[in-house]
Amino acid sequence: MMAERTRIIIVFVVISVIWGSTWMFIKLGLGSISPIYGVLIRFMLASGILYGMVRLKKLDFPWDRKAVFLYITLGTLSFSVPYVLVYWGEQYIGSGLASVLFCAYPFVVAVGSHYFIPSERLNAGKITGIICGFIGILVIFWSDLAEEGESIPGMLALLGSAAMQAASLVIVKRANHPIGPVSLTLGGLIFAIVILLPPALVLENISLLRFDLAGIGSIVFLGVMGTIIALVSYYWLMKRVEIVYLSLVSFVTPVIAIIFGTVILGEKLSSRVFTGGTIVLIGILAANWDALMKLVHRTISPEGKEL
């Protein structure tokens, strides 16, 4: 049991670090590759590698009606349209505002899980955790929000992406299909590619794509790290923890993004980051308080000695 809990914590941290860096790489790649093609090529790279994994490891890749429904759900509500909305929206709003808007994700997940997944009802700890997490993100980016220019379409794009991905997570969790995370991710990516290819060919000019160092580097990182490792790990976690806890990663990734900016880009780290980050941490602890108390009670005997 301890090994399983340790793996869960490690995977949560890995996802947070990877997705905390993706905002920077998306911005980097947009200067060379247009939004729809950026997502499409990223998914084609990831799906090719995942298909090779399925074949080499002889993983089960079910194609029954329930599995196909989940693939279509992921391809539509989680991968294709939401990712394009993020890429497109980031052209018109700053990363700080984008981070705050995407924090609508855990709110939608919380409501959806409460009403559609009987075993994952909301409680005081979860509600407190979500509110604290959102307040922490606001504290971190407050001055940036005042400085950034507003773009209603860009803001709606980020909110729409968050809502769609949250709905997808609730649907997949509720279905409770035994399909493995690698095959689940691959199936969703296949349908996402089918959905994205026509609008890419019609709406964007392929001759304008620049496969320079920034463009290729962005695609490779986002395809391998941001898609394969992060998504497979995410769906592995989904089968082991309540999705409200899983959605809290959206509060952690902006903090990680700022740390990356400080370490890699030399940006100044303000005191707001420490204050907001502390509030986010308190929120995560509050959301997991019941589970932490159960862990303590399981590992400490009635006499106060460790078991």
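**View 1. Arg-210 and Asp-212 form a salt bridge.** Arg-210 is partly exposed, at 44% relative accessible area (buried means under 20%, exposed over 50%, and partly exposed in between, with a 1.4 Å probe and protein chains only). Asp-212 is also partly exposed, with a value of 28%. Their side chains meet at 3.7 Å, N to O. A salt bridge here is a side-chain nitrogen of Lys or Arg within 4 Å of a carboxyl oxygen of Asp or Glu. Side chains of opposite charge can pair when their charged atoms come close. This is a predicted model, where local features need pLDDT of at least 70, side-chain atom pairs count only at pLDDT 80 or more, and totals for chains, interfaces and linings use all residues. Residues are numbered from 1 along each chain as its sequence is written, and side-chain values use heavy atoms, with hydrogens and water left out.

**View 2. Glu-120 and Lys-173 pair up as a salt bridge.** The N to O distance is 3.5 Å. Glu-120 sits in the loop between α5 (104–116) and α6 (124–147), while Lys-173 belongs to helix α7 (residues 152–175). Helices (H or I, at least four residues) are DSSP runs, numbered from the N terminus. The two partners are 53 residues apart, so the pair links distant parts of the chain. Both residues are buried.

**View 3. Lys-126 forms a salt bridge with Glu-242.** The closest N and O atoms are 2.3 Å apart. Lys-126 lies in helix α6, and Glu-242 is in the loop between α9 and α10 (243–247), so the pair ties together parts 116 residues apart in sequence. Lys-126 is buried, at 1% relative accessible area. Glu-242 is partly exposed, at 22%.

View 4. A search of the whole structure finds five salt bridges.

**View 5. The largest nonpolar core holds 87 residues.** Such a core is a set of buried Ala, Val, Leu, Ile, Met, Phe, Trp, Tyr and Cys residues, joined through side-chain atoms within 4.5 Å. Phe-43, Phe-79, Leu-184 and Tyr-234 have the most contacts inside this core. Helix α9 (residues 213–238) gives the most to the core, with twelve residues. Look at Tyr-234 with its neighbours within four places in sequence left aside: the side chain's residue is in contact with Ile-15, Trp-19, Tyr-105, Leu-169, Leu-246, Ser-247 and Val-249. Contact means heavy atoms within 4.5 Å.

**View 6. Helices α3 (residues 65–89) and α7 pack together.** Their axes are 8 Å apart, at an angle of about 160 degrees. Axes are lines fitted to C-alpha atoms, for helices over the stretch in contact, and angles run from 0 to 180 degrees between N-to-C directions. That makes α3 roughly antiparallel to α7 (under 35 degrees is roughly parallel, over 145 roughly antiparallel, 65 to 115 roughly perpendicular, and the rest oblique). The crossing is left-handed, meaning the near helix is turned anticlockwise from the far one by less than a right angle.

**View 7. Lys-58 and Asn-176 have positive phi values.** Most residues other than glycine have a negative phi. Lys-58 has a phi of about 50 degrees. Lys-58 is in the loop between α2 (35–57) and α3, and is exposed at 75% relative accessibility. Phi of Asn-176 is near 55 degrees. Asn-176 is in the loop between α7 and α8 (181–203), and is exposed at 63%.

Terms used: Helix = DSSP H or I, 4+ residues; strand = E, 2+ residues; numbered from the N terminus.
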